[in-house]
Amino acid sequence: MTDTTVLHTPAAGPSAPTAPVTDRPSPRDPAPAPAGPGADTRWSPRLWGALVVLCAAMFLDALDVSMVGVALPSIGADLHLSDSALQWVVSGYVLGYGGLLLLGGRAADLLGRRRVFLVALAVFAGASLLGGLVDSGPLLIGARFLKGVSAAFTAPAGLSIITTTFPEGPARNRALSIYTTCSAAGFSLGLVISGLLTSAGWRLTFLMPVPVALLALFAGVRLLPRRGDEHRASGGYDLVGAVTGTAAVLLLVFTVTEAQGAGWLSPRTVGSLLLVVALAAAFLLVEARTAHPLVRLGIFRNPGVRRANLTALTLMGSYAGFQFVATLYLQRLLGWSALETALGLLPGGAVVAFSAGAVGRLLDRFGSARVLPVGVASMLLGYALFLRLDEHSGFVGLVLPSMLLIGAGFALAFPAINVAATSGVSDDEQGLASGLVNTGLQVGGAIVLAATTAVLTAGSGGGTDAHAQLAGYRPALLLVTGATALGLLIALAGALRSARTTTARQGAAAAQEEATTWAKEAEEVRSGH
């Protein structure tokens, strides 16, 4: 095991899942990568092809998030949507994605990862086509929600296919680094591609992913391993847990998204939050008592899983908040165009795209517990540098150094989070672990973004002059920086625990070696007499 974090296996008992059936793999399956530090890490062409299919789906998910942002003004003008209705073109996707990730992850475990991935990818292609052809706001929002739902199934299914195909260690670290790189590349390129496509027509931003998704679907049918379907987790379906858990997450994302317009202390917002708490309590009660839970609560005994999910929540939230503030600042205050803004933010994505191999080697050498805080610290420094923004800031002095640091931090932190979130987890719960960490990413993005928007609006007081805008941007960036600092504390706690555990293991090994030496010497003395 590469990661130095102490990992606990699932507890035995009536709530623990039974071992998967070890059927013989299909001859069409790509052979799993060899395990062990000294094993041959070369991958077959079929294994590479399967990884490319999974990366293509993640690339499309990230591309879809970023492409729609630049196209929103054109969509609003063409479909006659108000600002409040227009935000749901973005929020509809987040609602479907964040709300159903847990269900998507567990469905992959129970129904088969390959099957769930391919069906969801087909739905994604159909929803993309629908979004490019509709002529009304509600239908477009519905298409976006459907795309989010499909992504809620492809993301955990795809990640769990990787973690069950590539064993823990160098092979998995390398695969997850490439996977994360494709996500960052999709997000960064989406900004640029959208700027180019929107000039020809906003519908192209919805239609462009269709052929890519269909090509990935065709390749996936031929290349994805069937072991993911043969080795399904056993057990029944936790319908009550699925309903309460999904309703709690959906309502939380919806409430946070709507709170900016309704007011954080309004009766509707407070009532919705109280209902979220009630649903969450009911969900935990059900999961603790049912024989086959949607989320086996014992998975959180794994300290790496706990820290990975908490860190994911803070990091994705802070990044979403930063991008929102930075985009408004560059376009509204500095007067940059949408394409100039996309190109200005591109260096961060470029760092991630060119660092996949190096990050995999760092994870092999140091483990996720040590790499993660370094990545978070780099992102924290990048946000802190951006606090120097003023009316005359430029690309070289402000944007470039911040984006390089944020990109380097992203490249280190997010593969480490994925490694930690899935390490020490049995194969029949990899979908659950993947769904949990992706839920943390999406819910964190929704919560921190909503809080950042509220702080920005309160700070500016509705003013449009440069002084008023800066009065909103700075406290909003302070909130982003604070959320990242919290993530750094969580990551450092994991690194310290890992260091103490390593020291204890080394001490125990040294003591054992010394005891063995004394025993040998004593035996030699007795033999001599």
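This is a predicted model: local features need pLDDT of at least 70, side-chain atom pairs count only at pLDDT 80 or more; totals for chains, interfaces and linings use all residues.
A residue counts as buried when its relative accessible area is under 20%, and as exposed when that area is over 50%, with partly exposed residues in between. The secondary structure of the chain consists of 18 helices and zero strands. Of the contacts in the chain with a separation of 6 or more, 84% are between residues 24 or more positions apart.

**Helix α5 and its ends**

- Helix α5, which covers residues 137-165, has 29 residues and reaches 42 Å from its first C-alpha to its last, close to the 42 Å expected at 1.5 Å a residue.
- Because 22 of the 29 residues of α5 are buried, this helix is largely enclosed by the rest of the structure.
- The N-terminal end of α5 is capped by Ser 136, which has a side-chain oxygen 3.4 Å from the backbone nitrogen of Leu 139.
- Thr 165 lies in α5 and counts as buried, since its relative accessibility is 7%, while a polar atom of its side chain lies 2.6 Å from the backbone oxygen of Ile 161.

**Asn 438 in helix α17**

- Asn 438 is found in helix α17, where its relative accessible area of 8% places it among the buried residues.
- Leaving out residues up to four places away in sequence, Asn 438 touches Tyr 97, Leu 101, Ala 155, Pro 156 and Leu 159.
- Although Asn 438 and Ala 152 are 286 residues apart in sequence, their C-alpha atoms are 8.5 Å apart in space.

**Thr 269 in helix α11**

- Helix α11, made up of residues 267-289, includes Thr 269, and the side chain of this threonine is joined to that of Ser 266 by a polar contact of 3.0 Å.
- When neighbours within four places in sequence are set aside, Thr 269 is in contact with Thr 255, Ala 259, Ala 262, Gly 263 and Trp 264.

**The second largest pocket**

- The second largest pocket holds about 590 Å³ of space, and of the 21 residues that line this pocket, Leu 102, Val 249, Phe 300, Leu 436 and Thr 439 are the closest to its centre.
- Two or more residues of the lining of the second largest pocket come from each of α10 (239-262), α11, α12 (303-333) and α17 (430-460).
- Helix α11 gives the largest share of that lining, namely five residues.

**Cysteines**

- A disulfide is a covalent bond between the sulfur atoms of two cysteines, and a search of the whole structure finds zero disulfides.
- Cys 55 is in no disulfide, and the nearest cysteine sulfur to its own is that of Cys 182, 3.7 Å away.
- Seen from Cys 182, the closest cysteine sulfur is in Cys 55, and the 3.7 Å between the two sulfurs is too far for a bond, because a disulfide requires sulfur atoms within 2.5 Å.

How values were computed: Residues are numbered from 1 along each chain as its sequence is written. Side-chain values use heavy atoms; hydrogens and water are left out. Helices (H or I, at least four residues) and strands (E, at least two) are DSSP runs, numbered from the N terminus. Buried means under 20% relative accessible area, exposed over 50%, partly exposed in between (1.4 Å probe, protein chains only). A polar contact is a pair of N or O atoms within 3.5 Å; within protein, one must be able to donate a hydrogen and the other to accept it, and residues adjacent in sequence count only if both atoms are side-chain atoms. Contact means heavy atoms within 4.5 Å. The expected span of a helix is 1.5 Å times one less than its number of residues. On a 1 Å grid over the protein atoms alone, a cavity is a set of points where a 1.4 Å probe fits but cannot get out, and a pocket is an open set with protein on both sides within 12 Å along at least five of seven lines; lining residues have an atom within 4 Å of a point. Grid points are joined across faces, edges and corners, and a volume is the space filled by probe spheres set on the points.
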